[in-house]
Amino acid sequence: MANLKELAKKGELLSGGHRACAGCTFPTIIRQALAATDTPVVVGAATGCMSVATTIFPFSAWRVPFIHSAFENVAATISGVEAAYRSLKKQGKLDKEIRFIAFGGDGGTYDIGLQSLSGAMERGHRMLYICYNNEAYMNTGIQRSSATPLGAETTTSPVGKASYGKKQRSKDLTAIMVAHNIPYCAQASPSHWNDFVTKVQKALNTDGPTFINVLSPCRLGWAFPPEKAIQIARDAVNSCYWPLYEVENGKYRLTYKPKEKLPITEFLKEQTKYRHLMKPENQWIIEEIQKEVDTQWERLLKMAESE
Ligand SMILES: Cc1ncc(C[n+]2csc(CCOP(=O)(O)OP(=O)(O)O)c2C)c(N)n1
């Protein structure tokens, strides 16, 4: 368990003055993740909103060493840095404890960077990969990704007479990462800071590859008033749309159980990308989404109970 007073004393490792939209959740995610570190860290980020908005040349909002890599290879970049670190340690040229974190958006993680992420995890580098998942390619204008949910409107899954938005469900990347048999894997949300910070601490203390998928509501692509960002993340968790759980050496554990499971409409209704679903002719899509959420939640409960 993280202690808020202790975390606050550490100071922030992401400065103000970056160019993220007001109400964007990734600055909160970065701050929470870096607050969890006790040793120096080296961070890499794939091309995407996070790298673009925090490192507009010649400035950087990062108060830690930072490497911007291409869209598809931040996991390879950071695994290379980690390998060099291990070599220097072995040669006796370095004795500091340093940790390595790679950040990627869902486009850079679920889609284009999946091969480099899979490779880094399989090779067993001691690094944490954090996917900040805003469920679309936001930096280039809200195109659908494989993390975009069923029925969501994006510029490449537009809503109109011939279309109700994205026709496919989102890929379950967390499950794909669990299938890599890495020692630590989790889902988190910035609305539950203690849960997230504790997960980052656990991941960084794990001697091996680790992965955390964090939901990152996007003010622009999901379209909600800036002040609602964290509430929307909380609704995602409380509707069980985005369950908080961890898988440690193959063992599933729910890290948060909502007292009252909200209906999925509570989460959907705040976002413009689902506005069309509120029409009677699209009611069936909401029912589909609810069914999928219920099925996945039941599955997760069973997985956690059977351990
Ligand atoms: C190989 C490659 N394809 C496409 C692009 C163009 N591009 C840059 S950022 C981006 C979208 C990033 O989306 P995501 O990873 O989800 O991050 P977000 O911007 O949503 O934070 C795209 C398509 C690129 N830089 N490299």
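How do the residues of the shell around the ligand divide into nonpolar, polar and charged? I counted 7 nonpolar, 8 polar and 2 charged, taking Ala, Val, Leu, Ile, Met, Phe, Trp, Tyr, Cys and Pro as nonpolar, Asp, Glu, Lys and Arg as charged, and the others, Gly among them, as polar.

A note on my source: this is a predicted model, where local features need pLDDT of at least 70 and side-chain atom pairs pLDDT 80 or more, while totals for chains, interfaces and linings use all residues. Residues are numbered from 1 along each chain, and side-chain values use heavy atoms, without hydrogens and water.

**Ligand shell.** I found 17 residues around the ligand (a heavy atom within 4 Å), and G107, G108, Y132, M138 and N139 come nearest. Helix α5 (residues 106–111) gives the largest share, 3 residues; helices here are DSSP runs of H or I, at least four residues.

**Polar contacts.** I looked for pairs of N or O atoms within 3.5 Å. A ligand oxygen lies 2.8 Å from a backbone N or O atom of G108. The protein buries 76% of the 590 Å² that the ligand exposes alone (Shrake-Rupley, 1.4 Å probe).

**Cysteines.** My search of the whole structure gave 0 disulfides (cysteine sulfurs within 2.5 Å). C240 is in no disulfide either, with the nearest cysteine sulfur, in C185, 19 Å away. C240 is buried at 3% relative accessible area (buried means under 20%).

Conventions
Polar contact = N/O pair within 3.5 Å; in protein donor to acceptor, adjacent residues only side chain to side chain. Helix = DSSP H or I, 4+ residues; strand = E, 2+ residues; numbered from the N terminus. Buried < 20%, exposed > 50% of the residue type's maximum accessible area, 1.4 Å probe, protein only.
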